[in-house]
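Open the model in a viewer and follow the stops below. Each stop says what to select and what is there.

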Amino acid sequence: MRLWRKVSGLLKDQNSVWIASLSRRTALRNPDIEAAVIKATSHDEFSMNMKNVDRVFRWLRLSSTNLKPLIWAISIRTEKTKSWVVAIKVLILMHGLYSTRLPCVQRIGRLTFDLSNFEDGHSRNIEMQGINAFIRAYFMFLDQKSYFLFMEMEEKRSMVKLNKNMVMQNLENEEKENYSMAQDLVLLKKLQTLLDMLLEITPLSDSTIVPLILEAMDCVVTEIFDVYSRIRLGIARVLSRINVIGKVEATLALKIMKKANIQAVELSQYFKFNRDIGVRNAEICPIVDQIPNEEIKELEEIIKGASDTSEKIDETNQDIVIYEKMESETKLKTIITSRWETFDEEHGDDSSAIVKFTSRINPFADYSELTSSTNNIPVKPQELPDLISFT
């Protein structure tokens, strides 16, 4: 049976390459790129064809105009397949594309194919359910990552505009510090949600521990290194300013610190599991430790203590709104929210700046500036930089 699947898959790949060679070269189609994608995502269930994976990356580095034909080729390949082998290779290939750090890749936005309900069409046995679940979880993460990278570019434009307004209005350093703290806390909250999503990508049974799954897990583990490193750095940044934050910021910070302690335990278990099943990158485990109780108690004291800030928590939208008391009218309003926002500026007759936040639809409610630390896949074990310790 396995031999028949191997022969059948080989014939399908050869037929797909032949059909691609007959297509006309246009702005949307490139026969050479299509052939490279087909060969990189072949039906060989034991390994990726790294030679053709590198060819795909070279096409993209050669010119950003090759992005559209590449995405088109990947989308068509995914839509036509019912093979778990092709599906997981497509996801590994996409993960590698994001690792190139090319600006054109950040403009992809939502993925143009959908594997959120994937089921292998060649096997209906119960053992295949674990692989199907793995592919769905991996797709959901990559779809979200792609959206994040796109939104990051949009937010950078908005932030440049906002920063210019803050300079023009000559806002006090304390107000700028409050806004920076709000940004850090929101980013930390969303990174933690993204880390939860990564931890969902795991083999669910012994039958799913196959070579291709292990290759995908190498990429996932490296991604976790990057996300967790950013969380640790962000927490260290917040704790370094713990004595100057207000009650509302302290409330959100306390939730983040408690969540970090829970995730530290989950990460330790996750890396141990992956080492046991043979994931190479899990052999190099990052520093995973707990937030000191002293820091948590200090945040609790800030929350209990008096504050000169009028605070209101909008439970309906799960937004934290901070209104700073001024002698006259409100000078600055900061909103800590789990929703995507854009920024507009209004200038009155006086020197005050009103920062308005307009809600945008965010299908994920997460944010990240994630990139894998290598340009090729599968990711090889590597030296990890020393991470900041909380103690």
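**Aromatic pairs**

Start with Phe113: its relative accessibility is 5%, and it therefore counts as buried. The model is a predicted one. Next select Phe139, which is also buried, at a relative accessible area of 3%. The structure holds four aromatic pairs, and Phe113 with Phe139 is a tilted one, with 6.0 Å centre to centre and 45° between the planes. Phe113 sits in the loop between α6 and α7 (128-168) and Phe139 in helix α7, so this pair ties together parts 26 residues apart in sequence.

Move to Tyr270 and Phe271. Their ring centres are 6.3 Å apart and their planes stand at 85°, so the pair is edge-to-face. Both Tyr270 and Phe271 are buried.

**The nonpolar core**

The largest nonpolar core has 91 residues, and Trp84, Met94 and Tyr138 have the most contacts inside it. Helix α9 (residues 211-239) gives the most to this core, 15 residues. Select Met94 and, leaving aside neighbours within four places in sequence, look for its contacts with Ile71, Ile74, Leu111, Phe113 and Leu142.

**Helix α3**

Select residues 50-62, helix α3, which has 13 residues and reaches 18 Å from first C-alpha to last, close to the 18 Å expected. Which residues of α3 are buried? They are Asn52, Val53, Val56, Phe57 and Leu60. Looking down the axis of α3, the buried residues fall within an arc of 150°, so they line one face of the helix. Their cover includes α2 (31-40), α4 (67-80), α5 (84-99) and α6 (103-106). On the other side of α3, Lys51, Arg58 and Leu62 are exposed.

Key:
Residues numbered from 1 in each chain as written. Predicted model: local features only at pLDDT ≥ 70, side-chain atom pairs only at ≥ 80, totals over all residues. Heavy atoms only, no water. Helix = DSSP H or I, 4+ residues; strand = E, 2+ residues; numbered from the N terminus. Expected span 1.5 Å × (residues − 1). Buried < 20%, exposed > 50% of the residue type's maximum accessible area, 1.4 Å probe, protein only. Arc of directions from axis to C-beta. Contact = heavy atoms within 4.5 Å. Core = buried A, V, L, I, M, F, W, Y, C linked by side-chain atoms within 4.5 Å. Phe/Tyr/Trp six-rings, centres within 6.5 Å; stacked < 30°, edge-to-face > 60°.
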